[in-house]
Amino acid sequence: MKDLIGKIENIGCGVSCQYPMNKYTWLRVGGHADVVVQPNSYEQFIELLNLLSSSDTPWVVLGEGSNTIVYDKGISGVVISTKKLKKVEIIEDTKVMAEAGAILGTILNKTIKAGLTGFEFAAGIPGTVGGGIFMNAGANNGEIKDVVDTVWIWLAGREIAIERKEIKFEYRKSNLPKGSVVTKALFKLQSGDSAQSEQNVKDYMAKRNSTQPIKMSNTGSIFKNPPEIAAGQLIEELGLKGFKIGGAQFSDLHANFIVNAGGASAQDVLELIELAKNEALSKKGIKLETEVRVIGNKEK
Ligand SMILES: Cc1cc2nc3c(=O)[nH]c(=O)nc-3n(C[C@H](O)[C@H](O)[C@H](O)COP(=O)(O)OP(=O)(O)OC[C@H]3O[C@@H](n4cnc5c(N)ncnc54)[C@H](O)[C@@H]3O)c2cc1C
């Protein structure tokens, strides 16, 4: 690992060893990652991916960590953080080119100011372009798939541009080839009315603020909505709204959110998830599937 870290530093990336992932992820739980690496430029990002793919060390890419839970036993290997790859550029009047680590909210603000419409759905989604595309993030009757034109991925040492029509997006799923890393994306919007867009964003945020536990650490929706019923309503019907294990709790405000009520461990969160899954299946015959991603060294 020492040898690899030296090579990563030679590329020019920032390196933090034994990084506490509860400081990285939004739910504020999880153990340490051996190494978190931050490329400072697009070129460094590609060079880093090429280097890591030729080593035996496991690695994973994270954006804002707003949809990710890390196990308490942490992550062996390298976390590539895209947090410094934030470039957003409006080109050809209605198109936006954004690097993997660009925050969706930044794109939203920039495009509204430029008189463009289409990105308003993303109001209040705290993720990045990479995480958003990987998850096909969505809200307010819109999804990232609706505005994507082209996605650039790095895959096994090559950078490839994939057009929207070739990507089989589904509900909270992109189906990009396994091992793909989103490096940048081109979005296609329309000319619009800034005042109307701003009003829509205000309305979306007001709804979010009154129905979601935004003042407490959380990681967005825990479960995908099953076809039968909204996941939040299901958890409520199971009597689990407000239920707590250790420091983790199904929110009193919105039962499909788990909040860190103070000192939660990843294990507490995962036990709540298992409990809801088991109860949903045994009492209602409904299979709950997590939306949130769990990574790292699994508990024994
Ligand atoms: C308060 C709150 C509200 C939320 N509301 C919504 C909502 O309304 N709708 C919604 O869809 N989501 C919502 N989320 C969840 C989350 O914000 C989205 O899923 C977001 O798109 C995740 O982006 P991220 O950069 O944080 O991803 P991360 O959590 O960093 O990563 C998520 C997954 O994407 C992968 N990934 C990250 N970057 C890349 C990349 N460059 N290439 C390939 N894979 C990558 C990771 O490996 C991981 O598997 C919410 C979360 C919070 C905390």
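Which strands and helices each supply at least two residues of the shell around the ligand? In this predicted model, local features need pLDDT of at least 70 and side-chain atom pairs count only at pLDDT 80 or more, while totals for chains, interfaces and linings use all residues. Residues are numbered from 1 along each chain as its sequence is written.

The answer is β3 (59–62), α4 (129–135), β9 (138–139), β13 (181–188) and β15 (218–221); helices (H or I, at least four residues) and strands (E, at least two) are DSSP runs, numbered from the N terminus. Helix α4 gives the largest share, 5 residues. Around the ligand there are 30 residues, with Gly 63, Gly 127, Gly 130, Gly 131 and Gly 220 coming nearest (near a molecule means a C-beta atom, placed from the backbone, within 6 Å of it).

On to the sheet. Five strands form an open sheet in the order β6-β7-β13-β11-β12, paired antiparallel (pairing takes at least two DSSP bridges between two strands). At its edges sit β6 (88–91) and β12 (158–163), each pairing on one side only, and the twist averages 20° from one strand to the next. Strand β7 (residues 95–99) is joined to β13 by 5 bridges, and Val 96 has Phe 187 of β13 as its bridge partner.

Contact here means C-beta atoms, placed from the backbone, within 7 Å; axes are lines fitted to C-alpha atoms, for helices over the stretch in contact, with angles from 0 to 180 degrees between N-to-C directions.
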